[in-house]
Amino acid sequence: MKINASKCVACGNCTYVCPMGAIYVDPVIKRATIDSNECVECYTCFHGMSQEHLNPTLVRGMRKIFQMMRLRFDPEPDVCPTAAFEPDELVWPRVVRRAFSDPRVPHESTGVQGRGTEEVKTNDVSGRVKEGEVGFTIEFGRPGVGVWFHEIQKMTWALAKAGVSFEKKNPITSLMSDVPTGTLRADILNEKIMSAIVEIKVTVDRTEEIIHLVREIEPQVDTVIALGVGVRCDSEGEDTVVAPILERMGYSLERAKTNIGLGRITQTEPPKQEELAGAIM
Amino acid sequence: MTNTLHRYGNAASFYDDYVVFAIPSRGKNDKGSVPKLKKFLEMALPFKPVNLGDAIHGGALRPCRDMHPTSHWNRDMTPDFRAVIDGVDAPTTVAAVFDSRVSAEDFVKTVKEADLGLCVNISTSIDGAEQCCQVAGIPRHSIGYSLGFQGKTEKLPNTQVLMLTTMCGHGMIGTSMAKKMIDWVKEGRRTPEQATTYMARFCSCGVYNPARAKRILEDARHSTK
């Protein structure tokens with residue numbers, strides 16, 4: 001993303017809007033500026049802000065007059081008055097920033113948007129997690145912190161060493177140069193993204209072991225981690241196996257997404273890539 | 001839907017937060033799913049959702065690409081549910097957000113009766129979802145638990161900011177923006193409704209809960225935690 005300096009009036013609205021805090025008004029050039037190292041190409045500034053198309057010279061002049069009179073501005077906070085944001089043409093490897101940060105963009109590996117994973121949300125038709133199994137979603141960078149791929153690799157290395165299998169239909173797995181060791185492609189390691197999910201599946205008896213492993217590696221990873229645990233309920237719709245383990249480990253189970261099992265398989269052939277824009281929320 | 005899974009708060013705080021979403025699975029039931037997704041959203045309307053959304057085009061409150069300068073004094077703050085329903089044009093996840101358990105329960109019952117064949121999930125407190133299932137007579141199929149945030153949690157903002165920002169799990173609502181909105185409400189520069197609408201426009205899939213956000217901002221007006 002870039003800001004057209006001839007349009008920017010340094011109103012500062014975008015500095016609050018940027019989820020990574022990567023936009024600031026440069027005191028020398030007096031224009032909003034993006035720290036491209038910290039920018040994750042989420043396009044929040046471009047897509048999220050409403051746009052006016054005011055004359056920049058006029059707006060700057062008015063702002064100067066008001067400033068001299070010490071009058072406080074009270075503009076709408078979600079508006080770019082001159083539509084100054086302009087997307088860059090992203091090339092590899094920077095393009096992965098957008099794929100993992102802008103939820104409108106589908107992941108090439110899975111064909112879906114958001115974080116590119118279905119987890120147990122479609123378990124009623126995918127059978128991804130069966131009784132006696134536990135699906136872990138280990139999410140890095142959320143909320144609002146961001147993460148570098150080299151930080152994620154610390155966890156994937158440790159998980160691979162523990163002999164877990166990574167979910168194949170997952171964008172992070174698709175970026176591994178060596179799945180058995182959990183090694184990510186070298187050319188993306190210095191890219192920063194909004195968030196990403198590593199997905200693994202183990203048997204129930206390894207639940208505690210995996211959580212302990214994640215806790216052990218966490219201090220080495222320079223970001224926040226959100227842990228999710230997916231389970232298949234029994235025929236009564238109950239989970240009497242995994243929840244007690246989690247509670248015993250000290251977790252207070254407050255929120256969950258519950259798949260209510262209304263899905264049906266209605267097709268047998270996989271769709272073509274271009275047919276899919278299915279997004280994952 | 002991890003986007004709604006890790007909302008910050010304890011179970012009691014989700015009493016006004018029920019996200020019911022339908023998702024077609026790639027290669028399993030996504031073909032021909034667009035009319036069903038539209039019907040899912042249409043069926044939600046009688047139960048007075050506080051937001052509707054699809055993951056491609058966004059929610060019922062959206063930014064404007066060509067805003068007129070005079071609209072600063074007269075901005076439309078009304079959610080446009082019809083635009084969301086009409087805008088669904090490809091297989092995607094669609095969501096209906098409710099601020100009461102009764103509405104969510106009634107909607108889930110209706111969805112069950114419609115038998116659309118789509119995968120349907122409820123994201124709220126564990127008990128809240130279980131109760132919806134019981135009322136509809138559906139045994140839960142699978143559960144994705146949130147174990148909350150771990151690791152470098154010192155990088156996270158204060159509680160109320162976190163409650164506001166995590167309602168867009170894709171991270172489109174910046175910490176600074178949420179903090180600014182709390183400050184503006186405290187200063188009396190904007191009402192909680194206005195501040196909520198600003199934030200909701202950034203949510204790109206329509207799962208932001210304006211009713212809950214408004215309540216959080218009202219609380220924050222008196223005391224920032």
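Mentor: Start with chain B, where helix α4 (residues 101-114) packs on helix α5 (residues 126-136) at an angle of about 45 degrees, their axes 9 Å apart. Helices here are DSSP runs of H or I with at least four residues, strands are runs of E with at least two, and both are numbered from the N terminus. Axes are lines fitted to C-alpha atoms, for helices over the stretch in contact, and angles run from 0 to 180 degrees between N-to-C directions. The model is predicted: local features need pLDDT of at least 70 and side-chain atom pairs pLDDT 80 or more, while totals for chains, interfaces and linings use all residues. Residues are numbered from 1 along each chain as its sequence is written, with chains lettered from A and ligands numbered from 1 in the order in which they are written.

α4(B) and α5(B) are therefore oblique to each other; angles under 35 degrees count as roughly parallel, over 145 as roughly antiparallel, 65 to 115 as roughly perpendicular and the rest as oblique. Their crossing is right-handed, meaning that the near helix is turned clockwise from the far one by less than a right angle. From α4(B), the contact takes in Arg101(B), Ala104(B), Glu105(B), Val108(B), Lys109(B) and Lys112(B). They meet Gly128(B), Gln131(B), Cys132(B), Val135(B) and Ala136(B) of α5(B). Contact means C-beta atoms, placed from the backbone, within 7 Å. The residues of this contact divide into five nonpolar, two polar and four charged. Nonpolar covers Ala, Val, Leu, Ile, Met, Phe, Trp, Tyr, Cys and Pro; charged covers Asp, Glu, Lys and Arg; the others, Gly among them, are polar.

Now take another pair in chain B. The axes of α7 (residues 175-187) and α8 (residues 192-200) come within 9 Å and cross at roughly 165 degrees. α7(B) and α8(B) are therefore roughly antiparallel. This crossing, too, is right-handed. Met177(B), Ala178(B), Met181(B), Trp184(B) and Val185(B) of α7(B) face Pro192(B), Ala195(B), Tyr198(B) and Met199(B) of α8(B) in the contact. The count there is nine nonpolar, no polar and no charged.

α8(B) is mostly covered, with seven of its nine residues buried. Buried means 20 or more other C-beta atoms within 10 Å of a residue's own, exposed 12 or fewer, and partly exposed in between, with C-beta atoms placed from the backbone. Thr196(B), Thr197(B) and Ala200(B) are among the buried residues. The cover includes β3 (58-59), α6 (159-165), α7 and α9 (210-222) of chain B.

Next, the partner chain. 88 residues of chain A are in contact with 86 residues of chain B. β14(A) gives the largest share of chain A's side, nine residues. That side divides into 39 nonpolar, 28 polar and 21 charged residues. β15(A) runs antiparallel to strand β5 (residues 119-125) of chain B, joined by five bridges. Strands pair if DSSP finds at least two bridges between them. Thr258(A) has Ile122(B) as its bridge partner in β5(B).

Inside chain A, seven of the eight residues of β7(A) are buried. β7(A) pairs antiparallel with β13 (residues 196-203) of chain A over eight bridges, and Gly135(A) stands opposite Lys201(A) of β13(A). β7(A) also pairs antiparallel with β14(A), over six bridges. There Phe136(A) has Val229(A) as its bridge partner.

Note on methods. Two residues are in contact if their C-beta atoms, placed from the backbone, lie within 7 Å.
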